[in-house]
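This report describes one protein, going from its overall layout to single residues. Please keep the sequence and the structure in view while reading.

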Amino acid sequence: MSTSSLTPDEITAIRKALDTYLWPEAAAVDALYIVQQRHGWVDDAKLEAVAGVLGLSPAYLDSLATFYPLLHRKPVGRKVIRYCDSVSCWLMGSDRLAASLRERLGIGEGETTSDGAYTLLPHPCLGACHQAPVAMVADRLLTGLDPADPDTLLEEGDGN
Ligand code: FES
């Protein structure tokens, strides 16, 4: 498998991640995330190149990347909004939060605004159940959200 779609810097970073673990499978998420941090998502060519560096099959990496919700296999907006879609947040109005975000942004789940600013995604429990409802904007965790107030969420998320 060719590694030509990766930069020398990416290959070095992936090999460094590989050295950190006993098995290449254990380094796979880190390796894919290295690519995603630089490009926003992981396309087929880069996934195959990562597989080549790790000595794993592209099918294995694709199954991992499509299961793990922080990895993207298609382009996303400059900021990804992940609203929590698990039980504590359901009880505290995450369905209303999602609806207000869909209406405010004019997109559905899994879609990106036409200006490329935001992608909206549901996400399994974000680990702050006691502060529900919760969402992440880019890497920023926002808690105790008002389901009827998407603007405050977007403003706080712009503070990154
Ligand atoms: S259920 Fe939403 S953070 Fe856990």
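A residue is called buried when its relative accessible area is under 20%, and exposed when that area is over 50%. The model discussed here is predicted. Of the 160 residues in the protein, 42% are buried.

**Overall layout**

The protein has 7 helices and 4 strands. Read from the N terminus, these elements follow the order α-α-α-α-β-α-α-β-β-β-α. A box of roughly 50 × 35 × 25 Å, taken along the principal axes, holds the C-alpha atoms. Among the contacts with a separation of 6 or more, 59% join residues 24 or more positions apart.

**Helix α1**

Helix α1 covers residues 8–20 and has 13 residues. From first C-alpha to last, α1 reaches 19 Å, close to the 18 Å expected at 1.5 Å a residue. Its buried residues include E10, I11, I14 and A17. These residues lie on the same side of α1 because they cover an arc of only 125° around the axis. The face turned away from that buried side carries the exposed residues P8, T12, R15, K16, D19 and T20. The buried residues of α1 pack against α2 (24–39) and α3 (44–54).

**Nonpolar cores**

| Core | Size | Residues included |
|---|---|---|
| Largest nonpolar core | 22 residues | L6, I14, L32, V50, L54 and L61, those with the most contacts inside it |
| Second, separate core | 16 residues | Y83, L105, A117 and L145, among others |

One of its residues, L61, touches A28, L32, L47, V50, A51, L54 and L56, when residues up to four places away in sequence are not counted.

**Residue S100**

Apart from neighbours within four places in sequence, S100 is in contact with P147 and P150.

**The largest pocket**

Rolling a probe the size of a water molecule over the atoms shows where empty space is left. The largest pocket contains about 310 Å³ of space. Its lining is made of 15 residues, and Y33, Q36, H72, R82 and D139 lie nearest its centre. Helix α2 and strand β1 (79–84) each supply at least two residues of this lining.

Conventions
Residues are numbered from 1 along each chain as its sequence is written. This is a predicted model: local features need pLDDT of at least 70, side-chain atom pairs count only at pLDDT 80 or more; totals for chains, interfaces and linings use all residues. Side-chain values use heavy atoms; hydrogens and water are left out. The expected span of a helix is 1.5 Å times one less than its number of residues. Buried means under 20% relative accessible area, exposed over 50%, partly exposed in between (1.4 Å probe, protein chains only). The arc is that of the directions from the helix axis to the C-beta atoms. Contact means heavy atoms within 4.5 Å. A nonpolar core is a set of buried Ala, Val, Leu, Ile, Met, Phe, Trp, Tyr and Cys residues joined through side-chain atoms within 4.5 Å. On a 1 Å grid over the protein atoms alone, a cavity is a set of points where a 1.4 Å probe fits but cannot get out, and a pocket is an open set with protein on both sides within 12 Å along at least five of seven lines; lining residues have an atom within 4 Å of a point. Grid points are joined across faces, edges and corners, and a volume is the space filled by probe spheres set on the points.
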